[in-house]
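Thank you for making time this morning. I would like to walk through one model with you, going from strand pairing to chain contacts and then to a few backbone details.

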Number of protein chains: 4
Amino acid sequence: MNFQSSISVAEPSVAPSLETRVIETRRRSLALADPLTAEDQCVQAMDDASPTKWHLAHTTWFFETFVLKPHLAGYRLFDERFPFCFNSYYEAEGDRHPRAHRGLLTRPTHAEVVAYRAHIDESLDKLFATGMAHETEIARLLEIGLNHEEQHQELLLTDILALFALSPLLPAYREQPSKPQSKQKGETGWMSFDSGIVEIGHTGSAFCFDNEQPRHRALVHPFRMADRLVTNGEWQEFMRAGGYTKPEFWLADGWALAKREGWEAPLYYRRRDNQWHEIGLGGLQPVDPDAPVAHVSYYEADAYARFAGKRLPTEFEWEVAAQRAAPDRNDLGSGLLRPMPAKNEHGVRQMFGDCWEWTQSAYLPFPGYKAPEGAIGEYNGKFMVSQMVLKGASCVTPAGHTRPTYRNFFYPWQRWQFMGLRLAEDAA
Amino acid sequence: MNFQSSISVAEPSVAPSLETRVIETRRRSLALADPLTAEDQCVQAMDDASPTKWHLAHTTWFFETFVLKPHLAGYRLFDERFPFCFNSYYEAEGDRHPRAHRGLLTRPTHAEVVAYRAHIDESLDKLFATGMAHETEIARLLEIGLNHEEQHQELLLTDILALFALSPLLPAYREQPSKPQSKQKGETGWMSFDSGIVEIGHTGSAFCFDNEQPRHRALVHPFRMADRLVTNGEWQEFMRAGGYTKPEFWLADGWALAKREGWEAPLYYRRRDNQWHEIGLGGLQPVDPDAPVAHVSYYEADAYARFAGKRLPTEFEWEVAAQRAAPDRNDLGSGLLRPMPAKNEHGVRQMFGDCWEWTQSAYLPFPGYKAPEGAIGEYNGKFMVSQMVLKGASCVTPAGHTRPTYRNFFYPWQRWQFMGLRLAEDAA
Amino acid sequence: MNFQSSISVAEPSVAPSLETRVIETRRRSLALADPLTAEDQCVQAMDDASPTKWHLAHTTWFFETFVLKPHLAGYRLFDERFPFCFNSYYEAEGDRHPRAHRGLLTRPTHAEVVAYRAHIDESLDKLFATGMAHETEIARLLEIGLNHEEQHQELLLTDILALFALSPLLPAYREQPSKPQSKQKGETGWMSFDSGIVEIGHTGSAFCFDNEQPRHRALVHPFRMADRLVTNGEWQEFMRAGGYTKPEFWLADGWALAKREGWEAPLYYRRRDNQWHEIGLGGLQPVDPDAPVAHVSYYEADAYARFAGKRLPTEFEWEVAAQRAAPDRNDLGSGLLRPMPAKNEHGVRQMFGDCWEWTQSAYLPFPGYKAPEGAIGEYNGKFMVSQMVLKGASCVTPAGHTRPTYRNFFYPWQRWQFMGLRLAEDAA
Amino acid sequence: MNFQSSISVAEPSVAPSLETRVIETRRRSLALADPLTAEDQCVQAMDDASPTKWHLAHTTWFFETFVLKPHLAGYRLFDERFPFCFNSYYEAEGDRHPRAHRGLLTRPTHAEVVAYRAHIDESLDKLFATGMAHETEIARLLEIGLNHEEQHQELLLTDILALFALSPLLPAYREQPSKPQSKQKGETGWMSFDSGIVEIGHTGSAFCFDNEQPRHRALVHPFRMADRLVTNGEWQEFMRAGGYTKPEFWLADGWALAKREGWEAPLYYRRRDNQWHEIGLGGLQPVDPDAPVAHVSYYEADAYARFAGKRLPTEFEWEVAAQRAAPDRNDLGSGLLRPMPAKNEHGVRQMFGDCWEWTQSAYLPFPGYKAPEGAIGEYNGKFMVSQMVLKGASCVTPAGHTRPTYRNFFYPWQRWQFMGLRLAEDAA
């Protein structure tokens, strides 16, 4: 099997149908799990991370629960016990297996979950055959299911990385070619943006999540934004300058956590033979100083920005700057599975790939936001507290999944995603 | 002793001098401690709360460290060991006693802390006598010290309430007259506000904290705001409607906490003889249905708003609405020490008293915010993550301490302050 | 495959050689794992329990480390990284993977661990071929390795039960025939024993663990001992009499734990359709009132004894009473995998099978005990505090593994082994 | 006030009456609290330790509950709310304030507790006046109350030491004269004891606790016992030899705890100016190498014994050896409040003073033990699991409180009592 082609979505000349996209997306999930043993797929590294098998089953449950059960006549549950096992957090859908115990689900077996997927895929085929999939409500739910599964594809990869990083054997998810020597370093340029009232949030008929709406006006003050991400080389300067030992750079919560947990580098940095290495999906490799730093928390990103005399951008500034984004896109479609040095291109580079970018915006509802009715309304709205917005995409975000208005969100202490940062500053 | 007069600041005909205000403020702290035994003053109810004695000493250390040591020639520390004991969180000022152990400081004794206060007060007198107190930098530090002490006066009262609420004897801080039957109920009115660009943040020469600046433009969308706080009576409707048992009202973090901790009412509600009572500074009393609900977390406030089909205001909306604030001010100056029913007045009532009001704004830096240099810069900036802004004042906020631009902040799970809520909604 | 025959050790007419026994034992471990998927074998239910795969690898590491490495000329480690993964607690053997993370070891894979086992088995064959295996020191180590692996066979089964008990699907390790209706109930008889000085501890040339020695004299007071174990039926009387709600039956530590954890029945009891069921290796089954109660902690066993007006026996009394043991042996050799009602036999029944029996003896060194030199000395001695002695055997103890002097030990709160109790009382 | 005379019980020529002893004991509790402020008396250092005020009130509640309420006609509770506050653990006496919150009881005030004590003392006087105090049952309860209060006197001192040890000011409970240079070092001698059946446990009409009975026969093997305690000097050899860094000396539980908590010396050792000091009731003082080591856990004591090639004695051996005890008694009666070097005397020295001595005996019931009926039966029996027996007395044990059969007990990890060790070994 050609691995890369199976996880990439080839750029089509004509936009593929919803049906095609659902089928392709479903297929890609299995392809992503392919390099993993049944054991690898069963275990969870920590409460925040889920097993691969659980991702495969949960995304399937999502289609079963929200599409097939209500909309495919005569549909019967594949297994009455699975909703309890594979509901993530939808209170309106009933009780469920505790999140921290997902890794204990050796049953259903991997084979049974694959059969579950096949059953649902066949049932989706039946639904497509009815022609009903074009009805607005069903199409909307299918789109959500598809985008939901794409999100879990990213989590599948970051969660397996979290697991492998705890292994004494430090296995690779996939062997990687030794990194090409990046000759053309990306120098940081600063793009200036004027003050003004801008339109923020999604518009048009294409799919978006509820949290990207309603589109509304926002006031942005003049700012400058770096045209590339902060690199490992720059981060190591921060480390050498006492970044992890001087409280003056840090938010109080971050400093307390960093001391308690003994942080002294990004999550997956490891010192070997007196040199910094990094655990990635290709195993343990020497850190590439020109590649963007990844796996840093908001606390660390904010501390770095203070050290550098800059700040993180707001989500609104980022959305404005996205209009000048370069065309580079190192996402899952590139098949590289790691953040790469910025290319020599014009425009704001690395905006939709490499690393999700911490902003200094708290994850809050847009003015006028209303969560949808019913269980599907629990998708985004109920997490709108204590988390920070991240923008862009990462090297493991499915191609086509994200857009300028996309709002990702994590707690300020979380680090296991491919999270990095881009600096901003006030303009006069 | 006339208790009320000693804790109130009489409204003066002429603005009192800084010197007078410092002296009055320092005196008031001791007056607030007066109803308490040395034992009461020594203990802390929980990690978040500090002992009265510690508040008395810490505020004193603040003047010693930031005013006297650098600016009074020849000043020598009262006791070389006290900075370790009474530094709260200023990393730049060195190591300190752990916060959770403040209640173990039986030494220095209460009498020694009173002597410490007297010594610093005398040294401040010496500083005043030099005339130097009018120099800008020193005056600014004195103002900060004064405002800092006012903040701790409020904490002193909320922290002692937290302690007494854990006592099997449920003692009163001060006996209260039985509540007057509030005949004139405050009906909720809704004030409308237009969209527009508004100026937010402090301006002028009067004192403010760094986090209220810089003044900047913000865009506010049309909204309506309730002209009084949500009452206990309304809150009990929420409780009867399953407010604490239905996850659909709640943010996910809030729901998880509420279940884990078994929340079923505001923090100090207690059921006695099948009727809700509330622990306050006057001991256990039947709940007054017309008084504002207090001691609810952000999670609860947000859940209530969702239940009511409304939302919490943003801090900017609140600041705009403050221009129409009624003149009522049930703060520490009233001497009532408890939230009171809204008066029959025009305008937005209960804005600067009764309860701090949760907003849906995360506590983040204003555009262009810079923390001051040095240890004093740790005052506000390093807390700008994961907390929510509260506006207004409470029944135990010293008179004159607050203003429309004032930004209070707490974590969304905290409840021990006098925290309540006011509803808002989008206008067409 | 005939499952039962593969996990049983047939009673031989002639004592099998050490070589044969090692080979048989090693083979049985794999047979026990046979009904489990690779996923089942990878996961751990809790910190106390280990994954099947880990048991398979750890017992293999034991032979590699203590037998092959020092005694087979030219032996090279199968994999340099495995000792870190599969050392359990031998400090003298170096650092090791944390116990609580054993379930994260998806790598090495199940297949690699099977290969590891094969490699060590072949190397043991080479050792046998040298004839050296008869040398005293090596034979002793082989015996320890064999007995060590037998212990892990029991743990393998109790640990997989712990895992399956947490599964929403409650899978069976092996389908069981519906229990035969036990017509002949075992009535409890009381056997009397006189006072006297007795010899306690192992003697003779057969294998024993270090903690069973030295044989020494002990004074036993006159006592009576029940001739069978406490049954589920009797335990349910205790439950109906408020056994889990009345503190007067309980040790203080036990009561505190039972309240904190909400205990109201033995570990694997579950109420279904208003009737008590129990999770066993055959899945969820109605409780058999005549079978011995299992999966109770020392705290519960002691509370039951107090409720019954009796007490638990000491380990010395038990060892004395073992001289009158009936020949019944429901251990792993019976292949039933569950505790069974007492048979109608003479003598003290159920002594070497069904359930390990809590005694009221703390697990302490015998007078004159010395731990062996070196890492192997860490086997037993370093656990001699805070645990209680259990005697006998359980329904999952390999046949031939145990004997009257055998000392099993667990903490008083642990319940996941097949642990039950037998009553005793003072005689006049 | 002459402090020493008030805390000592002068050796009387004639045995004092029960009445006199009760009065003297009650008086001594107040005398012990005398050097402490109300604040000192209110706070608890940790969950295991109680505030002085609580000790004063709890011992008073004990007399009220078990003596006055049932036996003084017409007695009415001093305050209906106090039983909830001051019941320690007697389940049969109803609900109670959580142990970990004892330090939050600023109310009742110190003055109120003193009044409570006076009220109970007066009521006891009335009881004495009735002559009923001589009735067997009442006399027995008074004896228990008296001995109970003596136990709390010791705890009062060890608990205040625990509190002061956490203070940045390291206050002294009482200023101590600089230690006299101990010229005559105590050399360790080894006393030999034969094997035999001995009588263990209390006999005669004098008071003892239930756990010292019934007297019964026990078999003791030949042993040798050190005639003095292990000293600080010897302990520091252990430290220098890697005692806290080499797992081979340690029980597994102890090693895990020592690593987790970072133990590197006895609890109150502090390094100052590159020299070991120790916090005691006289504040921080240089360690006296000839004085017994104190404040070590069972884990440490056991590790030391293994290091020294010896072992700890059993409680039975200790009780046998007590027959050859030297007459030295550095208990609370000496007024020194710290362990002292062994005197040049014949016999087994330091047996009833200086430090409680860890034995290798688990705290279990004696053969034939029955807890008394009713709440008083909760005194000892319900703690008979997971703790180890300590014998002797410490420098803060009230004179006359202890005897050879006395069984003290603590968990193997506890260190805040004056706990030390004496070595033993097997004899041929």
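This is a predicted model: local features need pLDDT of at least 70, side-chain atom pairs count only at pLDDT 80 or more; totals for chains, interfaces and linings use all residues.

How many bridges join strand β6 of chain D to strand β7 of chain D, and do they run parallel or antiparallel? Four bridges join β6(D), residues 275-280, to β7(D), residues 283-286, and the two strands run antiparallel. Residues are numbered from 1 along each chain as its sequence is written, and chains are lettered from A and ligands numbered from 1 in the order in which they are written.

As for terms, helices (H or I, at least four residues) and strands (E, at least two) are DSSP runs numbered from the N terminus, and two strands pair if DSSP finds at least two bridges between them. Returning to chain D, β6(D) and β7(D) form a hairpin with two residues between them, and within this pairing H277(D) stands opposite P286(D).

In chain C, an open sheet is formed by three strands in the order β1-β4-β12, with antiparallel pairing. Its edge strands, each pairing on one side only, are β1 (190-193) and β12 (424-426) of chain C. Four bridges join β1(C) to β4(C), residues 223-226, and S192(C) has R224(C) as its bridge partner there.

β9(A) is joined by four bridges to β8(A), antiparallel, with E357(A) standing opposite K391(A). Three bridges join β9(A) to β10(A), residues 408-410, again antiparallel, and here L390(A) has N408(A) as its bridge partner.

Turning to helices, α7 of chain D, residues 136-165, has 30 residues and reaches 43 Å from its first C-alpha to its last, close to the 44 Å expected at 1.5 Å a residue, where the expected span is 1.5 Å times one less than the number of residues. Of those 30 residues, 21 are buried, so α7(D) is largely enclosed by the rest of the structure.

Now to the core and the chain contacts. A nonpolar core is a set of buried Ala, Val, Leu, Ile, Met, Phe, Trp, Tyr and Cys residues joined through C-beta atoms within 7 Å. The largest such core has 421 residues, and the members that touch the most others are M388(A), M388(B), M388(C), M388(D) and L421(D). Two residues are in contact if their C-beta atoms, placed from the backbone, lie within 7 Å, and, leaving aside neighbours within four places in sequence, the contacts of M388(B) include Y298(B), W358(B), F409(B) and P412(B).

The contact between chains A and B takes 25 residues from chain A and 25 residues from chain B. On the side of chain A that touches chain B, β3(A) gives the most, with three residues, and the residues there divide into 15 nonpolar, four polar and six charged. In that division, Ala, Val, Leu, Ile, Met, Phe, Trp, Tyr, Cys and Pro count as nonpolar, Asp, Glu, Lys and Arg as charged, and the others, Gly among them, as polar.

The contact between chains A and C takes 26 residues from each of the two chains. The largest share of the side of chain A that touches chain C, four residues, comes from α3(A), and by class that side has 14 nonpolar, eight polar and four charged residues. By contrast, chain B and chain C do not touch, their nearest C-alpha atoms being 14 Å apart.

Finally, some backbone details. The peptide bond from Q213(B) to P214(B) is cis, with omega near -5°, and P214(B) is found in the loop between β2 and β3 of chain B. L170(A) has phi near 40°, a positive value in a residue other than glycine, and is partly exposed, with 15 other C-beta atoms within 10 Å. D273(B), with phi near 50°, is found in the loop between β5 and β6 of chain B and counts as exposed, with 6 C-beta neighbours inside 10 Å.

Methods. A residue is buried if 20 or more other C-beta atoms lie within 10 Å of its own, exposed if 12 or fewer, and partly exposed in between; C-beta atoms are placed from the backbone.
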